[in-house]
Amino acid sequence: MRAIVGSMLLACMVAPTAANAQMIQCAPFARMFSGIQLFGAAASWWNQAVGKYLRGNTPEIGAVMVFKAIGSMRSGHVATVTQVVSDRVIKITHANWSIINGRRGQVERDVTVVDASPNGDWSKVKVWFAPIGKVGNTAYPVNGFIYKDGKSVAPGEAQG
């Protein structure tokens, strides 16, 4: 009987609730969705990519956009480019950005991102925010894009 009760208690502690089971962070989702094999906090992906992937400031389909860590996003954010609409507008797929049905941790597909940088270099962007049904007003700082196709970059070689 003790073994049965112990097993039930263990199952309750380990088994996620339905709400938690569907919560996903941006970095694990971006890794799975893009195939770019970087780990840890989203903001750390930019430096981790050196010597593994090409980096640059031009959006391309399949590239991962890396947001810098700021006060409201202490771990940064990562999102995968799914469409290049124009030189200043792209679509991304990402996780854990908008509050949808009262909670974060959900995947949003093909949402609009607008280049808000003064020089058109994608160093600041505005992102679609579901609760207001449009691109938000905040311009978030971005390191740039990590490209999957440039997997092997020799140390010391120029990064895109």
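Start by selecting Thr-93, which sits in strand β4. Keep in mind that this is a predicted model.

**Stop 1: Thr-93**

Is Thr-93 buried or exposed? Its relative accessibility is 1%, so Thr-93 counts as buried, the cut-off being under 20%. Now show what surrounds Thr-93. Leaving aside neighbours within four places in sequence, its contacts are Phe-29, Phe-33, Ala-79, Thr-80, Thr-82, Val-107, Glu-108, Arg-109 and Asp-110. Then look at the side chain of Thr-93. One of its polar atoms is 3.1 Å from the backbone nitrogen of Asp-110.

**Stop 2: Asp-110**

Check its backbone: phi is positive, about 50°, although Asp-110 is not a glycine. Asp-110 has 42% relative accessibility, so this residue counts as partly exposed.

**Stop 3: Asn-101**

Move to the loop between β4 and β5, where Asn-101 is found. Here too a residue other than glycine has a positive phi, near 50°. How accessible is Asn-101? The value is 76%, and Asn-101 therefore counts as exposed.

**Stop 4: Thr-80**

Go back to the contacts of Thr-93 and select Thr-80, one of them. Thr-80 belongs to strand β3, residues 77–84. Its relative accessibility is 3%, so Thr-80 counts as buried. Beyond four places in sequence, Thr-80 touches Ala-30, Phe-33, Ser-34, Gly-62, Ala-63, Val-64, Lys-91, Ile-92 and Thr-93.

**Stop 5: helix α3**

Select residues 26–34, which form helix α3. Which residues of α3 are buried? They are Cys-26, Ala-27, Phe-29, Ala-30, Arg-31 and Ser-34. Now colour what covers them. The cover includes α4 (45–48), β2 (64–67), β3, β4 (89–95) and β5 (107–115). Step past the end of α3 to Gly-35, where phi is positive, near 85°.

**Stop 6: the largest pocket**

Rolling a probe the size of a water molecule over the atoms shows where empty space is left. The largest pocket has a volume of about 450 Å³. To find its centre, select Ser-72, Met-73, Asn-96, Trp-97 and Arg-104, the nearest to it of the 23 lining residues. Which element gives the most to the lining? Helix α3 does, with 3 residues. Strand β6 (124–129) also supplies at least two. By class, the lining holds 11 nonpolar, 10 polar and 2 charged residues.

**Stop 7: the whole chain**

Zoom out. The protein has 4 helices and 8 strands. Trace them along the sequence: the pattern is α-α-α-α-β-β-β-β-β-β-β-β. Of the 160 residues, 36% are buried. Among contacts between residues at least 6 apart in sequence, 50% join residues at least 24 apart.

**Stop 8: confidence**

Finish by colouring by pLDDT. The mean is 85, and 79% of residues reach 70 or more. Where does pLDDT stay under 50? One stretch is residues 1–20, with 2 contacts beyond four places in sequence. Another is residues 151–158, for which the model has 11 such contacts.

Technical notes
Residues are numbered from 1 along each chain as its sequence is written. This is a predicted model: local features need pLDDT of at least 70, side-chain atom pairs count only at pLDDT 80 or more; totals for chains, interfaces and linings use all residues. Side-chain values use heavy atoms; hydrogens and water are left out. Buried means under 20% relative accessible area, exposed over 50%, partly exposed in between (1.4 Å probe, protein chains only). Contact means heavy atoms within 4.5 Å. On a 1 Å grid over the protein atoms alone, a cavity is a set of points where a 1.4 Å probe fits but cannot get out, and a pocket is an open set with protein on both sides within 12 Å along at least five of seven lines; lining residues have an atom within 4 Å of a point. Grid points are joined across faces, edges and corners, and a volume is the space filled by probe spheres set on the points. Ala, Val, Leu, Ile, Met, Phe, Trp, Tyr, Cys and Pro count as nonpolar, Asp, Glu, Lys and Arg as charged, and the others, Gly among them, as polar. A polar contact is a pair of N or O atoms within 3.5 Å; within protein, one must be able to donate a hydrogen and the other to accept it, and residues adjacent in sequence count only if both atoms are side-chain atoms. pLDDT is the predictor's confidence in each residue, from 0 to 100.
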